[in-house]
Protein chains: 2
Amino acid sequence: MSGRPDGEECLGDLGERQILEKVLRPRYAGVAGFGDDAAVLGVPIADRAGGELVATTDSCPTPLVTVLGEADLFHTGWLLVTINLSDLAAAGASPLGLVVNYTLPATTTVREFQRLLDGVDACVAEHGTRVVGGDLRDGGTMQLSATAIGQCLPDRRLGRAGASAGDRLLLIGQPGYLWAWAFVVAGRARLPEAQLRQVRDRAFRPTAQLTAGRVLAESGAVRATMDVSDGLFATVRTLCEANDLGARIDEDIRLDPAVESVCEQAGVRPFDLAQTWGDWSLVAAVPAGSVEAVIAALAAEAVPAREIGELAAAGGGYVLTGPGGERPWQGIAQERFSSSSWHGDGLDRMLSDLSRTG
Amino acid sequence: MSGRPDGEECLGDLGERQILEKVLRPRYAGVAGFGDDAAVLGVPIADRAGGELVATTDSCPTPLVTVLGEADLFHTGWLLVTINLSDLAAAGASPLGLVVNYTLPATTTVREFQRLLDGVDACVAEHGTRVVGGDLRDGGTMQLSATAIGQCLPDRRLGRAGASAGDRLLLIGQPGYLWAWAFVVAGRARLPEAQLRQVRDRAFRPTAQLTAGRVLAESGAVRATMDVSDGLFATVRTLCEANDLGARIDEDIRLDPAVESVCEQAGVRPFDLAQTWGDWSLVAAVPAGSVEAVIAALAAEAVPAREIGELAAAGGGYVLTGPGGERPWQGIAQERFSSSSWHGDGLDRMLSDLSRTG
């Protein structure tokens, strides 16, 4: 096996042992237990007292920005970390470390691999955590997964169950950026340079809401949480099913100016952009009397949040409310192992679906 | 998407939500936090005091027994768990739980998926641990990985570093069974029914040496450990490199009678079968004065172990010693991202390599 036609060195030119020495050791030699198969979650014992340990694993789909033409694996690495940390955020947990699992073709260049690792390491650093171990294997197609391990505050693990009818739903984070970028790339909207950069940055480097998750857990006022990994509808429906409830969601939603500008140009209603996936927001169920305090606590950490509706009795189903009255919510939701499962090949349909209702 | 021609229901017929309800919930509903994205490592806090947390991840190659004709995914699931728990064993850690990550084609039948889960669950149960969470995604090819999380005894985490020249090397476990089975399937050896069943059982259900790892950690006498995931040579070489040492290994080794019978019939030297991979043995470096006590402590837990050689100064390289004198050790070792990386397609070559030296 030899390098690519352009002369770039491939992983298959190095072999596992040289990959370890030339690529991984310089990067991770400082990690406790580097070289051992089992990674050490190097947290002082005292700091762990009292809080439940949690673990979550997710594999990384082809990022939308890659489908849209971005070849740099940095963003794939960044997304892999975000996806996993987002699940810790929804549990109100703080990360102790991440283990990564990479299957890569032997024709992957060393430079590509380095960019993948750069993205992973940049994202874990952004959240004050790190890669503590991993596995690397050659295979026919790239397949990336990770496992994030975290710790909750004592008796404060958040989850899907525990919400009641009448609880308000908060949407935490800034939705709409990823698919706004898709409309820009598709030529359906134009933005001034500063907004363009803002939309691109958020689409390329989505942020797990770990800070928000911690604030929600500390508040003691939150009854249930979930991250928006498959769209707002899928998230709300899952929350409802876990608690045998329905939901009433206000479709009159304001987004950030750059995103609203894309909506207007592309003929997309803000609510429809807000209910897409890819921005790694959180949804939280909060008793009405605590909404103001929770939003203020989030604001104190510079985390935007807004009330988007409430949980209701199961019989009511999923209802959208707005200036024009009420209607059933037929939300955007991807479901794995179904025709809606996202593999990066339904872009045109997704864009059409979004603007059809505009 | 519809079922297979034979009418069997596929995962693509169900979709993610029905897979959750029909397959996963009945199996895992009792797990704390079932349905949440982050799994709970449900261990009482008091039990965790003092011991380091470790995590390890490995993806699962195509099992050799599958290459040899076994279609039942039970054994793939079993192997996935064994691979991961074996790394905990090498750290001297006890498992707290496993998170699994499955990418499966939508054409996977429900029955196949159930068998995969059966194998995973049987193997974790065998070791007194369990699956605490996971991720399921559809994709073009099956890709399975897992992450095992464990806890070491206080100040007793074992790893590759810490061995000295003169330390004896113990091989812990019963090597040779997996490739003995390969010779049987290839028609190169025949065994009476009882031995055949014994060889098949061990090949199909290899056991991670968790009990041994715990005994080694408790002994306080072990300086370094590693599991034999890529063959004995690769393991000893890695241990040596981690400690800047060489090794002298006695090639006069006795194996279990069924395995020795296969060796004799197939024209393979016992040492060559012993140095293959797939039996998930451990290698441990132990000061000479402690060898007897460590082997006795292992024997008390019914774990077989034998001294196979010693660590030496780096300059001596890797030497085989035996009745016929000394010779350099050119061991069998698979290396990922190289031509020796195992993808299940080099079986004939592997069998030839093994018997060439016979």
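This is a predicted model: local features need pLDDT of at least 70, side-chain atom pairs count only at pLDDT 80 or more; totals for chains, interfaces and linings use all residues.

1. Chain A is split into domain 1, residues 11-151, and domain 2, residues 168-356. Their centres, taken over C-alpha atoms, are 27 Å apart.

2. How much area do the two domains of chain A bury between them? The figure is about 2,200 Å², with 69% of it on carbon and sulfur atoms. Of the area that domain 1 of chain A buries against domain 2 of chain A, 26% comes from Leu64(A), Leu68(A) and Trp78(A), more than from any other three residues. In terms of contacts, 24 residues of domain 1 of chain A meet 26 residues of domain 2 of chain A.

3. The polar side of this interface is worth a look too. There are 4 residue pairs in polar contact across it, along with 1 salt bridge. Glu70(A) and Arg200(A) form a salt bridge, their closest N and O atoms lying 3.6 Å apart.

4. On the side of domain 1 of chain A that touches domain 2 of chain A, α3 (64-67), α4 (74-90) and β3 (94-104) of chain A each provide at least two residues. The most come from α4(A), with 12 residues. By class, that side has 14 nonpolar, 7 polar and 3 charged residues.

5. Finally, please look at Ser59(B), in strand β2 (residues 53-59) of chain B. Ser59(B) has a relative accessible area of 1%, so this residue is buried. The side chains of Ser59(B) and Arg137(A) make a polar contact of 2.8 Å. Ser59(B) also touches other residues, including Asn101(A), Thr103(A) and Asp135(A) in chain A and Ile83(B) in chain B.

Conventions
Residues are numbered from 1 along each chain as its sequence is written. Chains are lettered from A and ligands numbered from 1 in the order in which they are written. Side-chain values use heavy atoms; hydrogens and water are left out. Helices (H or I, at least four residues) and strands (E, at least two) are DSSP runs, numbered from the N terminus. Buried means under 20% relative accessible area, exposed over 50%, partly exposed in between (1.4 Å probe, protein chains only). A polar contact is a pair of N or O atoms within 3.5 Å; within protein, one must be able to donate a hydrogen and the other to accept it, and residues adjacent in sequence count only if both atoms are side-chain atoms. Contact means heavy atoms within 4.5 Å. Domain bounds come from an automatic or database domain assignment. Buried area is the accessible area (1.4 Å probe) that two parts lose on being put together, summed over both. A salt bridge is a side-chain nitrogen of Lys or Arg within 4 Å of a carboxyl oxygen of Asp or Glu. Ala, Val, Leu, Ile, Met, Phe, Trp, Tyr, Cys and Pro count as nonpolar, Asp, Glu, Lys and Arg as charged, and the others, Gly among them, as polar. Lists of a residue's contacts leave out its neighbours within four places in sequence.
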